[in-house]
Amino acid sequence: MPRVVRSTIIDAPCGRVWEVLRDFNGHDRWHPAVATSAIERAQSADKIGCVRRFKLTDGSELREQLLGLSDLEQTFSYCLLDTPIPLFNYIAHVRLLPVTDGDRTFWHWESRFTTPAGEERRMTEMVGEQLYQGGFDAIRRHMRETA
Amino acid sequence: MARVYVSSVVNARNDRVWARVRDFNGMPNWHPAFAESRIEGGEPVDKIGCVRDMRLRNGDRIREKLLGLSDYDMFCTYSILESPMGVENYVATLRLTPVTDGDRSFVEWTAEFDCPPEREAELVTNIGGIFQGGFDALKRAFGG
């Protein structure tokens with residue numbers, strides 16, 4: 001089962017980064033791959049079990065469900081329900097930790113999934129680079145723009 | 001129960017930083033506050049339960065017991081057996097986590113302990129200062 005782990009340091013206090021990331025319906029405001037985001041059945045974006053529907057910039061759609069969210073631990077977990085790409089049993093975890101030295105943020109993003117034989121490398125690369133590293137870079141820009 | 005949390009970023013891969021800090025008898029090799037260290041009873045430094053007897057540069061003596069060590073998860077947990085600080089039930093953990101973006105290391109040092117309430121603020125500040133002093137030394141050693 002492929003596992004992807006990516007982490008970075010964001011030059012902003014943990015509370016500010018968490019404010020942006022905890023909004024399960026807000027990724028269209030900062031992630032370059034996401035064009036629009038909506039929560040199904042008009043549920044609140046911090047209701048555990050809510051489902052978000054993304055339209056990606058390439059026109060494809062995917063649905064993800066919020067499995068856990070903690071403001072105390074600054075963590076959330078979610079899974080993919082429907083996707084146009086061969087990612088199955090995809091569960092991801094996001095965790096923020098304060099870097100007290102310099103009032104910065106450590107951001108850890110990891111997932112496990114299954115994919116058909118032969119697709120492991122392409123999917124691992126796509127998740128790690130486009131989704132996670134792309135997300136890190138986008139938040140860094142977002143933090144500078146909204147500073 | 002009082003809690004101390006200090007974290008930083010060291011500009012080197014976590015296996016290189018870990019090689020420097022995993023030695024339970026090696027504090028004087030990297031932490032400027034520590035002058036001497038020896039393991040009691042001639043036990044191996046990575047035997048869980050071994051005790052280090054250290055002398056600080058200011059002359060204080062401190063004895064600490066190794067409670068947990070993992071080369072896989074890169075953490076070290078220990079308790080204080082004897083110190084002049086006046087703390088009870090003191091348990092601390094030093095932990096390394098890779099920062100994949102830029103091949104750096106996220107380093108965390110936490111401690112929990114009991115003490116008289118009027119001494120808590122002072123102890124939290126002093127212990128946090130010792131932890132940050134170690135991180136500053138690691139940052140210097142690894143160039144940032």
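Visitor: How are the residues and chains labelled, and which pLDDT limits apply?
Guide: Residues count from 1 along each chain as its sequence is written, and chains are lettered from A in the order in which they are written. In this predicted model, local features need pLDDT of at least 70 and side-chain atom pairs pLDDT 80 or more, while totals for chains, interfaces and linings use all residues.

Visitor: What makes a helix or a strand here, and how many does chain B have?
Guide: Both are DSSP runs, numbered from the N terminus: H or I over at least four residues for helices, E over at least two for strands. Chain B has 3 helices and 7 strands. Their order is β-α-α-β-β-β-β-β-β-α.

Visitor: Why does the radius of gyration of chain B agree with a compact globule?
Guide: The radius is taken over C-alpha atoms, and the rule is 2.2 Å times the number of residues to the power 0.38. For 144 residues that gives a value near 15 Å; chain B has 15 Å, so the two agree.

Visitor: What makes a residue buried?
Guide: Its C-beta atom, placed from the backbone, has 20 or more others within 10 Å; 12 or fewer means exposed, in between partly exposed. In chain B, 27% of the 144 residues are buried.
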